[in-house]
Amino acid sequence: QATALHLELIDMEGALLQCSRVKAFVTPERLLTEFPKESILRAMTELTSEQDLSFTFTGEILSRLPTLTDASMLCWYGLVVGLEEAAMAAASLSTIHLFSHKNQAEQTPSDWATHVSEQRISLAGGKSKSSDVLADTVIVLKWLKVLLSEEGETAADAFAAKIDVPTYRLKSIVNLMSHLRDQLTDYAILDSFDDATGVDRILRAVELHWDVLVVLVAAAFCRKASVVRSDGEVNARDVNGNMMFLRTAKTTAPNHYFPTGVTWKVGSVVIGATAMNSQQHVFLKDQTTLKTPFFLTSLVLLSPIVEYSAPQVNQDGSSSVYFSFQANSQTKRVKTSLETAARILDFRSKWNTAYGALMVLRSLPRHTTLSQFMLSLRSLDKSFSLKDIQTELRGEFISVFSSELQVVEDHRTFVNTKVHRFSPDASFTTPVTAVSKASDEALFEAFAAGDHDAAAAAQREALTATGAADNDEESETKVSSTSDATVFIEKRSSAAHHPPCIMEEDDVEDGESYFMQNGPLIEEEDE
């Protein structure tokens, strides 16, 4: 029962995040009455105010996305470290499974697992054994690159037939990628998934920064992490583990209906993008793995809130610092050297500085170009370089794997002296950078009032996003019907998406909603 309750709270957290976004429909007072306030708000401290459910800047970003909170957190991490599109692609693959299980009459489970493994290694290389999500991300991006090439749909259909994945599933994943991009253009200037050159840049970013993305995926989905207790050396069916942030007697195991390339090794942590609850087990799919010390270090670096102690003198004369953080309302405590603690806090300080730059862009007009954005940052700090800071942040993740940054789990209690939170740097939160209403709030309000003309106008305004198509190129844009509160924008442009343009009213056509076109994000076979 405890397992079911915690897994349901994850879903309820996402529901609360989305419902509180639409305050035109549901008042915060009603939400506080209907939802288990203490259980959910404790986990959402970094997203909402406990008093009135008003959003923090982080909460506003996550509430723009239709994915569950964990996948949305992955997008947020990507925004800050400069791997925006790669993180969005990975979040899409963690939401819509690429290799669904096959009918046993067509192919045995073992044959299907072998086929999936061969495709992942062939297309994503040996690194695919560390993350199913990233391996599938590479596969989909390569398919999309073929689709956007001169060979077009014929070659793309042949690619899909080779990997034995239906084309509609690939298109659904790409549509979700584009939707996430469209929702986050207020916070970053992004490449497009509709341009072959842009897709190639995104693909190279995934391959070049694979280790960084593994850390981001692991931290984003940490609530579904499992410590491996048995690797099945004697009996393959004995592979199992225990949930790291969930108090339950149930063991975890791979979901054999959804093949994985990740090897369960004793001493490692396996993180599932999806946890499926059964009577005796919790089954994980879309897995990513890290060694336990690397995983703990990643969480100290990326937890939205950490507490830490004053330096403690050890018996050998050295000094240590204790950190604690929470996931799923479960607390973990770790111990590290004084030098490592200084690097961790320096990393988190740089994170807030880069995060503050997102707030600057969010406060600028929606047609701001990249050069205008850089000038705005320089006006606040002449020596500031967002690209350099993001490069330094990614470099710290690499140091995790080279054992330069290591922490050790330690359950002893300590007197908390300070708390560090992820929030935009104070130097950026001036009246000049005050963030106005999110661009889709007017749409929700007009839709709730029954004013469909105003809602349509709000949709057109939402299309004038930062990082839209080049002024010299035309974009064909389809906008969903206002009959659904979730608006899907599907763009098809041959231009590189750097400088923006204002969409003309004639460019807008009515179409079906995102969910009518692509189906639900949680598929029936996954339930």
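A residue counts as buried when its relative accessible area is under 20%. By that test, helix H13 (residues 292-302) is mostly covered, with 10 of its 11 residues buried. The buried residues of H13 are Thr-292, Phe-294, Phe-295, Leu-296, Thr-297, Ser-298, Leu-299, Val-300, Leu-301 and Leu-302. The model is predicted.

**Overall picture**

The protein chain holds 19 helices and 14 strands. Of its 527 residues, 54% count as buried.

Mean pLDDT is 76, and 71% of residues reach 70 or more. Over residues 1-6, pLDDT stays under 50. The model has 10 contacts beyond four places in sequence for that stretch. Residues 465-527 also stay under 50. Here the model has 156 contacts beyond four places in sequence. Where pLDDT is low, the predicted coordinates should not be read in detail.

**The barrel**

Five strands form a closed barrel. Its order is S1-S2-S3-S5-S4, and its pairing is mixed. Neighbouring strands of this sheet are turned by 50° against each other on average, direction ignored. Strands of a sheet pair through backbone hydrogen bonds, either parallel or antiparallel.

Strand S4 covers residues 268-277 and strand S5 covers residues 281-291. They pair in the antiparallel sense over 9 bridges. The bridge partner of Val-227 in S4 is Val-269. S1 has a further antiparallel pairing, with strand S2 (residues 240-243), over 4 bridges. In S2, Met-243 is the bridge partner of Ser-226.

| Strand pair | Sense | Bridges |
|---|---|---|
| S4 and S5 | antiparallel | 9 bridges |
| S1 and S2 | antiparallel | 4 bridges |
| S6 and S11 | antiparallel | 4 bridges |
| S6 and S8 | antiparallel | 3 bridges |

Helix H12 (residues 210-220) lies across S4 and S5. H12 runs at about 145° to S5.

The loop between strand S3 (251-254) and S4 contains Asn-255. Asn-255 has a relative accessible area of 7%, so this residue is buried. Leaving aside neighbours within four places in sequence, Asn-255 is in contact with Met-276, Phe-283, Leu-284, Lys-285 and Gln-287.

Strand S6 (residues 305-308) has a covered face made of Val-306 and Tyr-308. Its uncovered face has Ile-305 and Glu-307.

S6 has an antiparallel partner in strand S11 (residues 418-421), joined by 4 bridges. Glu-307 stands opposite Val-419 in S11. S6 also pairs with strand S8 (residues 319-327) in the antiparallel sense, over 3 bridges. In S8, the bridge partner of Glu-307 is Ser-324.

**Val-313**

Val-313 sits in strand S7 (residues 312-313). Is this residue buried or exposed? Val-313 counts as exposed, because its relative accessibility is 67% and the cut-off for exposed is over 50%. Leaving aside neighbours within four places in sequence, Val-313 is in contact with Ser-318 and Ser-319. Val-313 and Leu-338 are 25 residues apart in sequence. In space, their C-alpha atoms are 9.8 Å apart.

**A helix pair**

Helix H5 covers residues 69-81, and helix H16 covers residues 386-401. Their axes come within 8 Å and cross at roughly 120°. That angle makes H5 oblique to H16. On the H5 side, the contact involves Leu-79, Val-80 and Val-81. These meet Gln-390, Leu-393, Arg-394 and Phe-397 in H16. The residues of this contact divide into 5 nonpolar, 1 polar and 1 charged.

Key
Residues are numbered from 1 along each chain as its sequence is written. This is a predicted model: local features need pLDDT of at least 70, side-chain atom pairs count only at pLDDT 80 or more; totals for chains, interfaces and linings use all residues. Side-chain values use heavy atoms; hydrogens and water are left out. Axes are lines fitted to C-alpha atoms, for helices over the stretch in contact, and angles run from 0 to 180 degrees between N-to-C directions. Helices (H or I, at least four residues) and strands (E, at least two) are DSSP runs, numbered from the N terminus. Angles under 35 degrees count as roughly parallel, over 145 as roughly antiparallel, 65 to 115 as roughly perpendicular and the rest as oblique. Contact means heavy atoms within 4.5 Å. Ala, Val, Leu, Ile, Met, Phe, Trp, Tyr, Cys and Pro count as nonpolar, Asp, Glu, Lys and Arg as charged, and the others, Gly among them, as polar. Buried means under 20% relative accessible area, exposed over 50%, partly exposed in between (1.4 Å probe, protein chains only). Two strands pair if DSSP finds at least two bridges between them. pLDDT is the predictor's confidence in each residue, from 0 to 100.
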